[in-house]
Amino acid sequence: MVRRIFPWLLLPMGITSLYLAFVVAPPEATMADRQRIMYFHVASAWNAYLSFLVVFVASIAYLRTGARRWDRTAFCSAELGVFFTSIALVSGMVWGRSVWGKWWVWEPRLTTTLLLWFIYVGYLLLRATGEGDERRARMAAGLGVIGFVDVPIVHMSVKWWNSYHPYVIGLTKVDMVPMMVVALVAAVLTFTVFYVYMLDLRLHMEHLRERTQILKENLLQGGMR
Amino acid sequence: MSGAGLAARGIAKRFGYREILRDVSLELEPGQICAIFGPNGAGKSTLLKVLACLTRPSAGEILWEGRPVKDGASLRAAMGMVGHGTFLYDLLTAEENLLFYGRLYRVGDLRRRVSEILERVGLGFAARDPVATFSRGMKQRLTIGRALLHRPRLLLMDEPFTGLDQAGRSLLIDLLREFRGGGGACLLISHDFAETLDVADRFLILNRGRIAGAGDCGAVGPADFARLYEDAVGQPPD
Amino acid sequence: MLAKSMAIVWKDVVVEFRAKEILAAVLIFAALVALIFGFAFDPVEHDLTGIFPGLMWVAYFFAGTLGLNRSFITEKQNDALQGLVLAPGDRSAIFLGKFLANWLFMTLVELILTPVFFALLNVSFKGGLLLAAVLALATVGFTAAGTFLSGLAANTRASEVLLPILLFPLLVPVVIGAVRATAGAMAGDAATAVAWLRALAAYDAVFVVVPFLVFEYLLEG
Ligand SMILES: Nc1ncnc2c1ncn2[C@@H]1O[C@H](COP(=O)(O)OP(=O)(O)O)[C@@H](O)[C@H]1O
Ligand SMILES: [Mg+2]
């Protein structure tokens with residue numbers, strides 16, 4: 001269903017949100033056009049968190065049921081999460097550079113996002129080097145749970161750590177006029193639809209890959225008999 | 001069927017996309033030794049791990065004394081296992097290894113029990129030596145002692161003859177007879193056909209994850225067994 | 001259940017006493033790092049008091065990771081971990097026992113090394129009881145997260161490289177809390193130290209409880 005309908009949804013949604021972000025939404029008072037990157041930055045950050053929430057839920061479901069489709073879901077969602085986190089980081093850095101002249105500001109949200117990136121790249125590495133299908137799936141699920149539980153704690157501690165500094169930079173301290181809110185919501189929605197579509201495609205691919213393996217296995221066994 | 005002992009119904013186990021066990025059912029009553037034969041990779045060790053609740057089956061259920069075993073909590077205290085690994089710590093002495101496992105199982109009057117077991121498996125002389133200095137056969141003796149330490153009622157053994165010398169083999173057979181005499185139930189994976197057929201009551205033959213043959217050890221002579229095995233597996237027992 | 005954990009702690013202590021692997025390596029490595037910091041930051045020319053908490057904790061966390069890497073190696077040899085899983089009672093007791101043993105080793109290392117750090121880096125010793133509390137609580141968080149991840153990484157081909165990569169991002173709250181609380185304790189600023197100690201305690205609670213709940217699922221197979 002998703003695979004059939006979502007591509008047709010994505011095209012108009014993408015064009016609409018680009019139009020909203022670059023044409024309809026007015027330039028921001030102090031940052032002018034540079035602020036427009038926010039729509040995509042926030043949309044990808046939101047999707048990163050959504051992806052990792054899915055990893056968390058799927059990991060718990062896998063540990064409880066042992067059903068492989070939960071493991072596949074966690075894996076595919078983690079890949080997408082790392083992808084969105086990378087976009088959020090790069091767009092955050094470009095924004096920081098254009099507004100404050102620095103590639104990296106130790107802003108709590110941006111810093112948390114960087115740590116997220118490390119946690120889930122670690123998750124993918126654990127999957128890449130893990131031994132035994134089932135055991136690897138369980139170890140990954142363990143990390144999928146604890147990694148997500150850590151996110152709010154990391155965020156709080158980075159915030160407190162930052163509050164020691166005289167300058168506190170907020171990336172999202174933007175005076176939003178209604179049209180900006182509309183553009184932001186449109187971008188977030190488009191990215192979310194994109195995420196669901198990609199997740200579905202990726203899951204289908206993994207499923208096919210495993211089916212192929214089973215067929216190969218059966219052929220080999222048949223050949224041996 | 002009786003409520004006592006161990007029963008498995010319709011056990012299946014998949015690793016990823018590979019089906020290692022298919023629809024395996026068995027029953028094991030107290031005072032019975034059941035041997036499991038089969039070629040390498042047949043799924044024998046996997047079956048034992050499933051029964052020991054070391055790994056969850058993909059389908060089927062396991063009953064212990066008439067009640068379903070879930071994470072094995074009810075079963076573990078009553079079960080002794082000899083697996084592929086020895087479960088021993090190389091840096092601890094034989095005595096310390098047994099003391100450690102005795103504590104995990106809350107064995108009463110532990111020190112006496114430990115020296116009793118060490119004598120029984122013929123390691124009294126090496127009680128204070130680190131396991132790292134042991135030969136393979138000595139380690140295997142200690143492993144068998146470790147499995148019997150807490151007086152289990154169910155014994156799961158995966159190729160327990162590995163590494164044992166002739167004296168060790170007869171010792172193990174004595175211990176198994178003693179265990180059965182005390183009402184214990186034992187599942188025994190083995191490639192030592194003659195010895196195992198001698199000590200066991202029944203046998204199962206596992207091939208490609210299925211039970212492909214079964215029989216009573218008393219009723220089947222060596223020639224019959226060879227024919228049965230070849231029928232089930234496609235090659236003669238060596 | 002505590003009896004099972006305690007049996008594991010006893011076993012780990014005896015094994016460590018025989019092998020002296022973890023303690024000796026961690027102690028020597030951390031002391032070496034102190035020496036390297038001395039050359040790199042030059043305590044003769046500069047007063048290192050300001051960055052001392054950071055230097056000390058970086059050394060402890062890096063050195064401690066070496067020890068954590070070894071934690072599940074003895075359990076993997078001979079499938080001993082299977083023996084623990086087969087033992088009756090709660091499987092979470094295995095996590096608790098391994099964690100307590102690691103906490104014990106790490107705290108011992110820190111007790112020995114903290115005076116050495118103060119002396120080598122020419123910083124006058126301050127903090128007293130508050131500092132002891134920081135060491136204890138920060139080490140709980142470090143070893144709880146470390147024990148859990150060491151158990152995960154032990155199942156991979158590259159466990160020694162993977163553990164720090166998995167551990168340090170999760171450890172950031174402990175790094176922040178430990179450094180701030182140590183700085184507070186050394187400056188005699190009890191209010192700051194206690195505030196960060198609370199944060200550390202919260203982290204500790206989460207990282208003891210969540211692995212405790214999850215660990216038993218990881219032990220199957
Ligand atoms: N953890 C695992 N992951 C994937 N495959 C496994 C695992 N354990 C065993 N197998 C496979 O299951 C099959 C049966 O193994 P095993 O039960 O050890 O056989 P046996 O003990 O009869 O020689 C083998 O093909 C083996 O490769
Ligand atoms: Mg085997």
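Modeller: Happy to. Let's start in β5(B), where P68(B) is the bridge partner of L63(B). Keep in mind that this is a predicted model.

Colleague: What makes β4(B) and β5(B) a pair of strands?

Modeller: Two strands pair if there are at least two bridges between them. Strand β4 of chain B, residues 59–64, is joined to β5(B) by two bridges, so the pair meets that requirement. The two strands run antiparallel. Besides the L63(B) and P68(B) partners, W64(B) stands opposite R67(B) in β5(B).

Colleague: What happens between those two strands, in the hairpin?

Modeller: The hairpin of β4(B) and β5(B) has two residues between the strands. E65(B) takes a positive phi there, near 50°.

Colleague: And how do you know that β1(B) pairs with β4(B)?

Modeller: Count the bridges again: β1(B) and β4(B) have five, in the antiparallel sense. The requirement is at least two, so they pair. One spot to look at is L6(B), which stands opposite W64(B) in β4(B).

Colleague: Why are β2 and β5 of chain B said to stand at the edges?

Modeller: Follow the order of the open sheet, β2-β1-β4-β5 in chain B, with antiparallel pairing. β2 (18–28) and β5 (67–68) each have a single partner strand, so one side of each is left without a neighbour in the sheet.

Colleague: Let's move to the ligand. Which residues surround ligand 1?

Modeller: The surrounding residues are F15(B), R18(B), I20(B), P39(B), N40(B), G41(B), A42(B), G43(B), K44(B), S45(B) and T46(B).

Colleague: Now the chains. Why is the link between K13(B) and E134(A) called a salt bridge?

Modeller: A side-chain nitrogen of Lys or Arg has to lie within 4 Å of a carboxyl oxygen of Asp or Glu. Here the side chains of K13(B) and E134(A) meet at 3.1 Å, N to O, so the pair qualifies. The count between chain B and chain A is one salt bridge. Chains A and C, on the other hand, have zero salt bridges between them.

Colleague: How many salt bridges are there over all chains?

Modeller: The count is 28. Among them is R3(A) with D200(A), whose closest N and O atoms are 3.1 Å apart. That pair links distant parts of the chain, with R3(A) in helix α1 (residues 2–24) and D200(A) in helix α6 (residues 178–224), 197 residues apart.

Colleague: What else describes the contact between chain B and chain A?

Modeller: Ten residues come from chain B and 13 from chain A. About 940 Å² is buried between them, 42% of it on carbon and sulfur atoms. On the chain B side, Y17(B), R56(B) and R208(B) lose the most area, together 64% of what that side buries. There are also three residue pairs in polar contact, both partners at pLDDT 80 or more. β1 (6–15) and β2 of chain B each give two or more residues to that side, and β1(B) has the largest share, with three. By class, the chain B side divides into two nonpolar, two polar and six charged residues.

Colleague: And what does the contact between chain A and chain C look like?

Modeller: It brings 31 residues of chain A into contact with 31 residues of chain C. The buried area is about 2,800 Å², and carbon and sulfur atoms give 72% of it. Four residue pairs are in polar contact there, both at pLDDT 80 or more. On the chain A side, α2 (37–65), α4 (108–129) and α5 (133–162) each give two or more residues. α5(A) gives the most, 16 residues. Sorted by class, that side has 19 nonpolar, seven polar and five charged residues.

How values were computed:
Residues are numbered from 1 along each chain as its sequence is written. Chains are lettered from A and ligands numbered from 1 in the order in which they are written. This is a predicted model: local features need pLDDT of at least 70, side-chain atom pairs count only at pLDDT 80 or more; totals for chains, interfaces and linings use all residues. Side-chain values use heavy atoms; hydrogens and water are left out. Contact means heavy atoms within 4.5 Å. Buried area is the accessible area (1.4 Å probe) that two parts lose on being put together, summed over both. A polar contact is a pair of N or O atoms within 3.5 Å; within protein, one must be able to donate a hydrogen and the other to accept it, and residues adjacent in sequence count only if both atoms are side-chain atoms. Helices (H or I, at least four residues) and strands (E, at least two) are DSSP runs, numbered from the N terminus. Ala, Val, Leu, Ile, Met, Phe, Trp, Tyr, Cys and Pro count as nonpolar, Asp, Glu, Lys and Arg as charged, and the others, Gly among them, as polar. A residue is near a molecule or strand if one of its heavy atoms lies within 4 Å of it.
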